[in-house]
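Here's a quick briefing to read with the model open beside you. Have a look at the fold, then skim the points below.

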Amino acid sequence: MSYKSMFGKVLNVALMGNPVLGKKCRPVLDPLTTEVQELISDMKETIRHRGCLGIAAPQVFCPIRLVVYHIPIKVDDPETYDLTPEYDPEGVPPQVLINPEITPLSDKMSEGWEGCQSVPGLLGLVERYHSIHLKAMDEKGRIYEKETHGFHARIIQHECDHLDGILFPHKLKDPRMFGYYEEVLKYLK
Ligand code: NI
């Protein structure tokens with residue numbers, strides 16, 4: 001029996017410009033290794049500590065196909081939710097995506113403002129598929145599939161883009177719809 005801490009540690013996050021964010025990440029061969037399990041636990045702790053929605057492994061300097069995200073319940077930050085009318089009010093508990101595969105369910109696109117821990121302080125308007133099918137492994141190595149829509153589908157697409165070296169500023173439809181968080185919030189209304 002091991003006495004590994006039940007809580008992970010807070011990891012440093014790579015900022016845009018760091019080459020680790022531009023790599024195509026390699027698949028996770030065995031999700032049950034101590035290294036991967038510790039990384040998952042540390043990524044959960046990092047999300048909790050930073051108060052963000054999700055993080056992809058390359059953002060914590062580990063270029064493998066692994067994402068952790070959650071959606072907190074709506075009441076936390078009403079300002080942000082004004083930007084995301086498609087928000088899922090019920091919230092989503094922490095989800096682990098290992099070697100995720102995304103398939104759009106239709107051509108329908110949605111626009112929404114996105115931020116990123118690797119692009120601090122900035123928001124940009126990004127178009128994403130409105131509805132997607134997701135296939136991935138969870139932290140126990142079990143394959144699962146689900147369909148998500150709107151804001152939930154947006155988070156998954158944003159995080160999975162990191163696994164192919166893509167950051168949200170690369171996907172701006174209009175480069176003018178990009179700016180500092182406070183300014184965007186002030187002038188959007
Ligand atoms: Ni991001």
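Helix 4 (residues 181-188) lies across strand 4, strand 5 and strand 8, and runs at about 110° to strand 8. Angles here go from 0 to 180 degrees between N-to-C directions, with axes fitted as lines to C-alpha atoms, for helices over the stretch in contact. Keep in mind that this is a predicted model: local features need pLDDT of at least 70 and side-chain atom pairs count only at pLDDT 80 or more, while totals for chains, interfaces and linings use all residues. Residues are numbered from 1 along each chain as its sequence is written, and side-chain values use heavy atoms, leaving out hydrogens and water.

- Three strands make an open sheet in the order 4-5-8, paired antiparallel; pairing takes at least two DSSP bridges between two strands.
- Strand 4 and strand 8 (178-180) sit at the edges with a single partner strand each, so one side of each has no neighbour in the sheet.
- On average, neighbouring strands of this sheet are turned by 25° against each other, ignoring direction.
- Strand 4 and strand 5 run antiparallel and are joined by six bridges.
- Helices (H or I, at least four residues) and strands (E, at least two) are DSSP runs, numbered from the N terminus.

**Helix 3**
- Helix 3 packs on the sheet, touching strand 4 and strand 5 (contact is heavy atoms within 4.5 Å), and its direction makes about 105° with that of strand 5.
- 13 of the 13 residues of helix 3 are buried, so the rest of the structure largely encloses it; buried is under 20% relative accessible area, exposed over 50%, partly exposed in between, using a 1.4 Å probe and protein chains only.

**The nickel site**
- Cys116 (SG), His158 (NE2) and His162 (NE2) are the protein donors of the nickel ion, 2.1 to 2.3 Å from it.
- Donors are N, O and S atoms within 2.8 Å of the metal (3.2 Å for Na, K and Ca), and with water not among the atoms, sites may look incomplete.
- Cys116, in the loop between strand 4 (109-114) and strand 5 (122-129), and His162, in helix 3 (residues 150-162), are 46 residues apart, so this pair links distant parts of the chain.
- Both Cys116 and His162 are buried.

**Cysteines**
- Searching the whole structure turns up zero disulfides, a disulfide being a pair of cysteine sulfur atoms within 2.5 Å.
- For Cys52, the closest cysteine sulfur is in Cys116, 8.9 Å away, which is too far for a bond.
- Cys52 is buried, at a relative accessible area of 7%, and Cys160 is buried at 9%.
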